[in-house]
Amino acid sequence: MSAKTTMTEKPERDQLAEERDASRRLIATSTHQASLSALNRRAKKAQGVAERLFLIVPPLLLAAIILLSWYLGAGHVNSLILPAPGLVFASLMDGLGSGLFLSNALITVEESLAGFALAVLIALPMGYGIAKWRLFAITMQPYLAAGQAIPAIVIAPVLYLIFGYGSIPIIILCALIVLFPMVITTALGFQTIDGALVDAARVEGASGWPMLAQIEFPLALPTILAAVRTALTLSITGALVGEFVSQGSQGLGALVLISTDQYNVPLLFATLVVLGALAALYYCASWLLVKLADIIY
């Protein structure tokens, strides 16, 4: 009886031992996987920090080099040509505190954004028409090329004769400056769409507006966004050119002219700093536009 009981208990003990070993192996595997997962999370976090540093450190380093070179060179150059950084910073703080830069920057922003919006409304349909209809392309391309060849500073007086002095000719001039590259790039975006995808969509019954909205426009969107980003930044140039030619008293372009006429070089450099910050703001806005398009499409 005792021997029989012992023989029965031995397989049970072996089975329990195997179950304990399996449990230990499972716990060890789970622990190892948890450790690998934690290591992967730490590695991804470290990689993200490194990427952010890579985006931030080089521009800051270049800015530090420029400021140091400016500081060292200011003492050896006439202050009417290169003012000291301290004088420019003081002029910048005075202009910001008095609202001088803000009021003029808002006028330039309004003009540039209005000109940019007008150019977008014209350029996107025109670019699509050039890409899709040969007769339209043959008709419009000579005028686009002629408009691009004529300098904006020559077109500006004509606009002022027609519309008078004010914001309207500046907005139109701004739109004309950014129109040509946006039209050409938009047309290129539609022309480079894979024809096989369009043919497959036609087989499925797509045509007209659904074809444009759901097939052609999303495929051409990266190229169109490149044109829009370039045009948005370039619109500041259009607004400044209009303000230069109009010889007005409002806008950052007018502030540049006033500081030049008064030989107020620190104010001139401070205005250039504000223009640089405005251009950076436009660039960030265009980057956010690309991210928004990625989310939507």
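Which residues have the most contacts inside the largest nonpolar core? They are Leu 173, Met 182 and Leu 252, in a core of 54 residues. A nonpolar core is a set of buried Ala, Val, Leu, Ile, Met, Phe, Trp, Tyr and Cys residues joined through side-chain atoms within 4.5 Å.

This is a predicted model: local features need pLDDT of at least 70, side-chain atom pairs count only at pLDDT 80 or more, and totals for chains, interfaces and linings use all residues. Residues are numbered from 1 along each chain as its sequence is written, and side-chain values use heavy atoms, with hydrogens and water left out.

**Overall build**

The protein chain has ten helices and zero strands. Helices (H or I, at least four residues) and strands (E, at least two) are DSSP runs, numbered from the N terminus. Of the 297 residues, 31% count as buried. Buried means under 20% relative accessible area, exposed over 50%, and partly exposed in between (1.4 Å probe, protein chains only). The chain exposes about 18800 Å², and carbon and sulfur atoms supply 69% of that area. Accessible areas come from the Shrake-Rupley method with a 1.4 Å probe; for residues, only the protein chains shown count as cover.

Contact means heavy atoms within 4.5 Å. Among contacts with a separation of 6 or more, 70% are between residues 24 or more positions apart. Leu 173 touches Ala 152, Ile 155, Ala 156, Leu 159, Gly 238, Val 241 and Gly 242, leaving out residues up to four places away in sequence.

**Aromatic pairs**

The whole structure holds two aromatic pairs. Rings of Phe, Tyr and Trp (its six-membered ring) pair if their centres lie within 6.5 Å; planes under 30 degrees apart count as stacked, over 60 as edge-to-face and the rest as tilted.

| Pair | Centre to centre | Angle between planes | Type |
|---|---|---|---|
| Tyr 128 and Trp 133 | 5.9 Å | 85 degrees | edge-to-face |
| Tyr 128 and Phe 190 | 4.9 Å | 80 degrees | edge-to-face |

The pair of Tyr 128 and Phe 190 links distant parts of the chain. Tyr 128 sits in helix 3 (residues 100-132) and Phe 190 in helix 6 (residues 167-191), 62 residues apart. Tyr 128, Trp 133 and Phe 190 form one aromatic cluster. Tyr 128 and Phe 190 are both buried. Trp 133 has a relative accessible area of 52%, so Trp 133 is exposed.

**The largest pocket**

What lines the largest pocket? The lining is Leu 67, Trp 70, Pro 85, Val 88, Phe 89, Leu 92 and Val 273. Helix 2 gives the most, with four residues. Helix 1 (2-74) and helix 2 (85-98) each supply at least two. The space is about 280 Å³. On a 1 Å grid over the protein atoms alone, a pocket is an open set of points with protein on both sides within 12 Å along at least five of seven lines; lining residues have an atom within 4 Å of a point. Its volume is the space filled by probe spheres set on the points, which are joined across faces, edges and corners.

**Two single residues**

Ser 246 is found in helix 8 (residues 208-246). Its relative accessibility is 15%, so Ser 246 counts as buried. Beyond neighbours within four places in sequence, Ser 246 contacts Tyr 160, Tyr 165 and Ile 170. Ser 246 and Tyr 160 are 86 residues apart in sequence, yet 7.8 Å apart in space, C-alpha to C-alpha.

Tyr 263 is not a glycine, yet has a positive phi of about 55 degrees. Tyr 263 lies in the loop between helix 9 (252-261) and helix 10 (265-296). At 63% relative accessibility, Tyr 263 counts as exposed.

Conventions:
1 Å grid on protein atoms, 1.4 Å probe; cavity = no way out; pocket = protein on both sides within 12 Å on 5 of 7 lines; lining within 4 Å.
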